[in-house]
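Hi everyone, thanks for making time. Let me put the structure up on the screen, and then I'll talk you through it.

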Amino acid sequence: MTPVEDDGVLAARVERLERRARIDRALALGVLALALATAQAPTEPLTVAGAGMTASIQADGLHVAVESIPRFAAVIGSTGPTVDEMQTNGVLRQSLFLVQESASLRQFGANGKRALGVELALDGTPLLRLYGPEGTTSRLGFEIDTSKRPVLRVNNNAGTLMGMMATDDDGPYMIMKDASGATRTYVGQYSDLSFGMDVRNASDVRLFKRP
Amino acid sequence: MSSSSETLFARVTRLERSSRRDRAIVLGVIVVAVLTAQTSAPQGNVSPTPIVVRDASGMSAMLGASGLTVRDASGKVRLFAGVDDQGRPSLDERDSTGALRQSMYLFDQQPTLRQFDALGKRRLELKLNTRDSGEVRLTDANENLRGAFFVAASGNPQVGLYGTDEKLRAFFSTDEQSPYLVMRDATGANRVNIGGFADGSIGMDIRNASNTVLWKAP
């Protein structure tokens with residue numbers, strides 16, 4: 001090859017390479033833009049509809065509605081992750097959720113009032129409670145209390161403790177109270193570690209004691 | 001070689017080097033794009049990649065082959081509904097640190113709801129046992145059983161209270177004849193019996209630690 005032919009071949013190679021480099025760069029930028037757009041940007045909810053029902057995946061989770069009434073949701077809600085089941089009119093009947101990071105399963109009456117709770121208190125102690133019709137008063141509780149004792153308790157409609165059975169490591173005991181809160185019957189272990197039972201009047205006088 | 005040729009050779013060398021680098025970048029970006037690609041809608045009825053819906057805060061819901069995963073704005077998984085990595089249908093709720101706090105799943109094929117405290121200790125369990133009988137179990141911060149509702153192997157329903165040693169201290173139950181309440185001391189000795197006795201009578205007694213009856217009625 002003569003120097004002139006050399007130059008011509010090289011010039012062609014240069015032009016080809018320069019063209020190729022421009023294409024490659026454009027391609028790289030395009031793919032990069034696509035990756036960024038699909039990986040990071042907000043995206044529209046995806047909804048599937050049919051037979052009067054819709055299931056929608058939104059950023060907070062899954063929502064299912066029947067005739068536009070919410071019936072099921074598995075989402076990150078205002079208090080944290082929650083799975084809700086609603087009756088036909090949209091009233092919440094059952095919810096498995098975290099509140100202040102603590103686990104809770106609650107079931108609600110048709111009036112929307114809490115009827116049953118299976119949950120952990122904020123300090124982690126477990127509670128199982130059945131509530132009165134107004135949804136705020138616990139009528140029956142099975143829990144580990146603040147003294148770290150397992151306790152089965154029944155309350156009156158005002159929420160006052162009427163009866164309980166509990167145990168510490170020494171032994172168990174059962175207490176029955178009257179409406180004023182006075183202990184009227186005691187069965188089990190006493191503070192002196194003896195076992196027995198007694199019946200008292202409203203002034204806490206023992207009317208009967210065995211052994 | 002002329003100076004013009006030398007210049008061209010230098011340009012060619014530079015371009016060839018640049019081209020190789022650009023191709024490597026393109027390939028790298030394509031690989032990243034494929035790995036992170038999230039389509040906004042499936043192609044037909046089956047999507048080959050997870051479907052992700054994200055909002056401006058960064059919260060996202062991803063429908064993958066194993067189920068639905070919802071992440072908060074910091075990217076932590078907070079909710080999962082689907083089949084977990086051990087092949088169990090599972091509904092998991094996690095706190096803002098990503099720790100599991102509540103799970104409803106099939107554990108050894110048994111329906112189970114478990115609640116965990118902030119330290120990851122199991123504190124409450126609602127399940128069917130291997131006999132398919134219902135159980136509620138309350139456990140303390142050391143995961144020791146302290147309280148339970150269950151149907152015993154005998155078929156009798158029972159409420160049990162336990163010490164920190166997990167030994168039964170009191171139980172209330174019934175068989176087909178009569179109900180009974182039994183209270184025990186720390187050694188496991190029965191100290192109070194109320195209700196039906198083994199001989200079919202109904203009454204109550206109080207015993208000492210040597211099982212001697214101190215009082216009985218009637």
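I'll start with the ground rules, then go through the interface, chain B and one serine in chain A.

This is a predicted model, where local features need pLDDT of at least 70, side-chain atom pairs count only at pLDDT 80 or more, and totals for chains, interfaces and linings use all residues. Residues are numbered from 1 along each chain as its sequence is written, chains are lettered from A and ligands numbered from 1 in the order in which they are written, and side-chain values use heavy atoms, with hydrogens and water left out.

So, the interface. The size of an interface is often given as the accessible area lost when the parts come together. Here, chain A and chain B bury about 6,500 Å² between them, with 72% of that on carbon and sulfur atoms; buried area is the accessible area (1.4 Å probe) that two parts lose on being put together, summed over both. Chain A brings 82 residues to the contact and chain B brings 84, contact meaning heavy atoms within 4.5 Å.

How many salt bridges are there between chain A and chain B? The count is one, with a salt bridge being a side-chain nitrogen of Lys or Arg within 4 Å of a carboxyl oxygen of Asp or Glu. B:Arg78 pairs with A:Glu101 in a salt bridge, their closest N and O atoms 3.9 Å apart. On the side of chain A that touches chain B, helix H1 (residues 3-40) of chain A gives the largest share, 21 residues. Helices (H or I, at least four residues) and strands (E, at least two) are DSSP runs, numbered from the N terminus.

Now chain B by itself. It has one helix and 16 strands. Of its 218 residues, 42% count as buried; buried means under 20% relative accessible area, exposed over 50%, and partly exposed in between (1.4 Å probe, protein chains only).

On to charges. Over all chains, the whole structure has 22 salt bridges. One of the pairs is B:Glu125 with B:Arg137, at 3.6 Å between the closest N and O atoms. B:Glu125 sits in strand S8 (residues 122-128) of chain B and B:Arg137 in strand S9 (residues 134-139) of chain B, so this pair ties together parts that are twelve residues apart in sequence. B:Glu125 is buried at 3% relative accessible area, while B:Arg137 is partly exposed at 25%. Both belong to a salt-bridge network that also includes B:Arg114, B:Arg122, B:Lys127 and B:Glu135.

Further along, B:Arg146 and B:Asp140 form a salt bridge at 3.7 Å, closest N to O. Are these two buried or exposed? B:Arg146 is buried at 2% relative accessibility, and B:Asp140 is buried at 8%. B:Arg191 and B:Asp185 also meet in a salt bridge, at 2.9 Å from N to O, and both are buried.

Last stop: A:Ser95, in strand S6 (residues 92-99) of chain A. It counts as buried because its relative accessibility is 4%.
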